Amino acid sequence: DTAVSQTPKYLVTQMGNDKSIKCEQNLGHDTMYWYKQDSKKFLKIMFSYNNKELIINETVPNRFSPKSPDKAHLNLHINSLELGDSAVYFCASSPFAGGAADTQYFGPGTRLTVL
Amino acid sequence: GQSLEQPSEVTAVEGAIVQINCTYQTSGFYGLSWYQQHDGGAPTFLSYNGLDGLEETGRFSSFLSRSDSYGYLLLQELQMKDSASYFCAVRSRNTGGFKTIFGAGTRLFVKA
């Protein structure tokens, strides 16, 4: 059984387009995250949701809009895609937002290429 | 603000022992985690240290010194499959709540 799944795995699109990435976790976790990993492998937190509520919103352009219809799903919609958005986007989940220990379970990643 | 520093690359020989260091600066520190990521794969959790000292899990151990704002990951009996990137991650709590920030990662190359 897949714990954290993302679709699609690969996404190739033109500049200016709008695209969405979906994430689902079946671990029963309360907290979900979106990370961006660039070509230098730096893992940057973008958003964090706890039980459908936004709790972390790092300095991300407002072209990026997360949506959490329920605590098992966290989708990422990107408007007006730019070349600099090309990266691997990882979804992750952890049991709860308020714990000292924070074991995060990552999805397989979505490789986004903007042409 | 928060910052983490770890070496960008480490090379070691199969069967050897390697230590990957991580120094951090943050307020409201709670703990230090380590994650492994193979090329093309997702980060996977290795260990968490909330208290000073050594935590051992098989061939991997992780150490934390809160007074020195320092930790390390120790990999013993290196195998080729240990070639991967290793990330330290700081867990902290401030007015905005808990947050986990990842370091830039250390690329480990294991040679035969």
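The model is predicted, with local features requiring pLDDT of at least 70 and side-chain atom pairs counted only at pLDDT 80 or more, while totals for chains, interfaces and linings use all residues. Residues are numbered from 1 along each chain as its sequence is written, chains are lettered from A in the order in which they are written, and side-chain values use heavy atoms, with hydrogens and water left out.

**The sheets**

Strands are DSSP runs (E, at least two residues), numbered from the N terminus; two strands pair if DSSP finds at least two bridges between them.

B:Q19 lies opposite B:L74 of strand 8 in chain B. In chain A, strand 1 pairs with strand 3 (residues 19-25) in the antiparallel sense over four bridges, and A:V4 has A:Q25 of strand 3 as its bridge partner.

**The interface**

Contact (heavy atoms within 4.5 Å) links 20 residues of chain B with 22 residues of chain A. The buried area, which is the accessible area (1.4 Å probe) that the two parts lose on being put together, summed over both, is about 1700 Å², and carbon and sulfur atoms give 55% of it. In chain B, the residues losing the most area to chain A are B:R91, B:F98 and B:F102, together 28% of what that side buries.

The rule for a salt bridge (a side-chain nitrogen of Lys or Arg within 4 Å of a carboxyl oxygen of Asp or Glu) finds two across the interface of chain B and chain A. B:D39 and A:K41 form a salt bridge through their side chains, at 3.7 Å from N to O.

On the side of chain B that touches chain A, strand 4 (29-37), strand 5 (44-49), strand 9 (84-94) and strand 10 (97-102) each supply at least two residues. Strand 10 of chain B gives the most, with five residues.
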